[in-house]
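Here is a short briefing on a two-chain model.

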Amino acid sequence: MFKCKTSPEVGGMGHSVKRKEDARFLHGKGKYTDDVKLPGMLHMVMVRSPYAYARIKNINKEKALAIDGVLAVITGEDLAQYNLHWMPTLLSDTQMVLPTDTVMHQSQEVCAVIATDRYIAADGAEAVEVDYEPMDAIVDPYKALDKDAPLLRPDKEGQKDNHIYHWERGDKAKTEEVIAKADVVVKERIHLPRIHVASIETCGVVASYDKDTEKMLIYLTSQAPHAIRTVLALVAGHVGLSEEKIRIISPDIGGGFGGKVPVYPGYVVAIAATFLIGKPVKWIEDRSENLVNGFARDYHMDCELAATKDGKIQAFKVSTLADHGYTDSSANPSKYPTGMFSICTGSYDYQHAFAELDAVYTNKAPGGVAYRCSFRVTEAVHAIERMVDKLAAEIGKDPAQLRLENFIKKDQFPYSSPLGWSYDSGDYEATLKKAMDMLGYEKYKKEQAEKRAQGKLMGIGISTFTEVVGAGPSKDFDILGIAMFDSAEIRVHPTGKALARFGTKSQGQGHETTYAQILAEELGIPYSDIEIEEGDTDTAPYGLGTYASRSTPTAGAAAAIAARKLRDKGKKIAAYLLEVSEEDIDWEVGKYFVKGAPEKSKTIQEVVFAAYTNIPPGMEPGFEATHYYDPPNLTFPNGAYICVVEIDEETGAIDVKRFVAIDDCGNIINPMIVEGQVHGGLTQGIAPAMYEGIQYDDEGNVLNGTFMDYLVPTAVESPHWETGHTITPSPHHPLGAKGVAESPTVGAPPAIANAIIDALSPLGIKHLDIPITPSKVWDAIQAHKK
Amino acid sequence: MAKHTISMTINGQPVTAEVDSRLLLVHFIRENLSLTGTHIGCDTSNCGACTILLDGKSIKSCTYLAVRADGAEITTIEGVAAEGTNHPLQQGFHDQHGLHCGFCTPGMIMRSIDLLNNNPNPTEEEIRWGISGNLCRCTGYNNIVKAIQQAAEEMQKKETTV
């Protein structure tokens, strides 16, 4: 286990210190975007399309403009005058800001009403008259590729059908050959449906343009304010928005989970509106607007897993159809249109794999953003973990045993996966065994046998996943060309207190505490003496933001290395103060001392004070450092999750009896925060496994676009999570840390699905797609009884 | 739009204002009174981010007209403890890491005050059902349950010492 190097008062790594950011939230003093109120501020409300696919014949603003307090109705035609009616997506597709002639999905923004008050703006939106000519929508992605399917994106030069791109990795011929010759091959089409992150704070913006200073101040619910600033400067440079004049402030963010990475049309319209009107404009999404715009997942995966008759895995093949809606706005690195999907070979040692994907346009909202994992690891893990369980069922082997026999062994790291990743570290066997011990696996197997003998439905499901986070090495990973490094800037004040700023942005992860702990670990300055700031592009160093569990792997590493630069400077100062040569100085947390004479020492605070007051001759004054960290590799957190369920055959109701989660996220900065992240991620794992999924009818209408019917788990549905850890430090991260926040969302759904399907297996049920609801279970039971 | 003069007590302070018939209480609190600790997270009264106490009972202020609160005594998160101090629930949420992004937290705490007023020593299951009208997307609820349990113990200790 990890041994703390610092005292609890200093609060370095490994201490569960209480969070520094809590007080303002507990007292109602958090400042979220909707809390921003500027003098003369106007409010914006969107008019949205009731149709999934329609031509706009006319937009009549008159009745809206006649309402006292309505100042403007902005349409696509208005934006087209400035060439702002389209914008690029993060994957270099194009997305409408506001349409000029066609709407491509239900609830797409049609025009925006600006008024003095949000109620009047809503009145204005009601009063706008839009004349639509509805067309037949393409809802089923498989039908998008039909020969007679209408071409959804004729605006794109050279686009002849609704196919967006083909992607593949691995040796197709060899993989197919191994599969053809294998003793056992299990196959399944697995669908991971559209879901929405539904952070409790929706998205929003307050944009304020000052015509005198030409400064554009934007309060934004953004997880990546610097990247968004650059994108804005690139997109709106032609109308005079220059990057140094744009200041984006991401204030407190009420949950992100990746849903606050993209640029949404409402942001751009509000920014355009303040630019034209010269007054601050606020736009805050309603929940029902939020839920039907942007989505995660929606992969249809045809999987084949081949093995010997005793269960040695030999090859995996997966062919995927991805439904991207009307534009590819996936929040993925530009060279990785399918994110890290090629991690789909999982935690197992075998040579042959092939993954391919075709992406298509449909008349649905664009997205491919995130749900606590945007880089498609969830899809990949679900595919392999379901298939491994299917293999175990097929050959009649215990799924834990099958996994143990196929795991990549501890001494095989760094491990080159068949699809090209270099897994940095792990001990999969120890992690699964720890989970089995914590659960009492054998006891539950026995209980299951007894219950089955009585005709009761009980299931045990395992998921042993490998994550891939921390993008990234900048040679491979960029967003719109911007390399995915991250940054830390530390200023230690003369009295030994510090301010540190980062290119990331917390949305609840607790950066104000954990970054301070990293600096406390490295410098020995108590964490309570260190202020952390993020989210203001005028003050924070450039970085790519917080998503994909990348903050600790990138900015956390930057903090450690910047602190080490300071420690090197401090050593020179200490040598000067102690009148010895630098080689004679040693460091222990918080102080420098003379080797062999530990009583001759200077605390970090004394050294810092000297950096401002008694500077060694020739040395640059001050005690500040900056580091931009470009990781040499990604990190590969992993875990073993086991779920026990009981199912009521009469109703299909699923009762999660136990859920044990063992995570290996490397060295841990704050165990309390890591455990909290795991709890939250697990609830966002059970959510898509059993409750959530955006449903469409044949005409492209969203059937569950509010919290009335899009079922976010409450405390009642969320089980009492049981958590634990194994630790294999990342060998290339300066702190040995790996990142954790996404792991549980990635790992939990297959454990739950596997448990439910295991429970139903005596009835002959071999697969169900998530969300596995009671009605789906009941239907399956009825179908198999016949 | 008809205007109405309403008076109420908010966090111990008397307030009188002229409001539109349709103004929601949550907007009155947030916009007119600038008490932005009460949040809005949905439009169907499912999420509970807007929960406040009205005459001692927790209500969702997003589905309550401001005019209907005429004459009421209202407490928001800003009024549960004296400046610089913590209500036992605020302390519990801090100690047990019962909050991440903090957006649901004020509503959770307001709901929990009512819960503990009515059931000073709830079981875990009673707590889970008791806060099931409030959504949290970050914490997975384990630590919120622990926070409420800590507060319940603390408040009972105070009861017995008084």
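The model is predicted: local features need pLDDT of at least 70, side-chain atom pairs count only at pLDDT 80 or more, and totals for chains, interfaces and linings use all residues. Residues are numbered from 1 along each chain as its sequence is written, with chains lettered from A and ligands numbered from 1 in the order in which they are written.

**Chain B**
- The C-alpha atoms of chain B fill a box of roughly 45 × 35 × 25 Å along the principal axes.
- Chain B has 5 helices and 5 strands. Helices (H or I, at least four residues) and strands (E, at least two) are DSSP runs, numbered from the N terminus.
- From the N terminus on, the order in chain B is β-β-α-β-β-β-α-α-α-α.
- In chain B, 54% of the 162 residues are buried. Buried means that 20 or more other C-beta atoms, placed from the backbone, lie within 10 Å of the residue's own.
- Of the chain B contacts between residues at least 6 apart in sequence, 59% join residues at least 24 apart. A contact needs C-beta atoms, placed from the backbone, within 7 Å.

**Chain A**
- Chain A has 18 helices and 32 strands.
- Its radius of gyration is 27 Å, close to the 28 Å that the globule rule gives for 786 residues, so chain A is as compact as a globular protein of that length.
- The C-alpha trace of chain A spans about 90 × 75 × 50 Å along its principal axes.
- Buried residues make up 61% of chain A.

**Where the chains meet**
- The contact takes 42 residues from chain B and 43 residues from chain A.
- On the chain B side, α2 (88-95), α3 (105-118), α4 (124-130) and α5 (142-161) each supply at least two residues.
- That side of chain B divides into 18 nonpolar, 18 polar and 6 charged residues. Ala, Val, Leu, Ile, Met, Phe, Trp, Tyr, Cys and Pro count as nonpolar, Asp, Glu, Lys and Arg as charged, and the others, Gly among them, as polar.

**A helix pair in chain A**
- The axes of α10 (residues 399-406) and α11 (residues 428-439) of chain A come within 10 Å and cross at roughly 160°. Axes are lines fitted to C-alpha atoms, for helices over the stretch in contact, and angles run from 0 to 180 degrees between N-to-C directions.
- That makes α10(A) roughly antiparallel to α11(A), a term for angles over 145 degrees.
- Ala400(A), Arg403(A) and Leu404(A) of α10(A) make the contact with Glu429(A), Leu432(A) and Met436(A) of α11(A).

Technical notes:
Buried ≥ 20, exposed ≤ 12 C-beta atoms within 10 Å, placed from the backbone. Contact = placed C-beta atoms within 7 Å. Parallel < 35°, antiparallel > 145°, perpendicular 65-115°, else oblique. Rg over C-alpha atoms; globule rule 2.2 N^0.38 Å.
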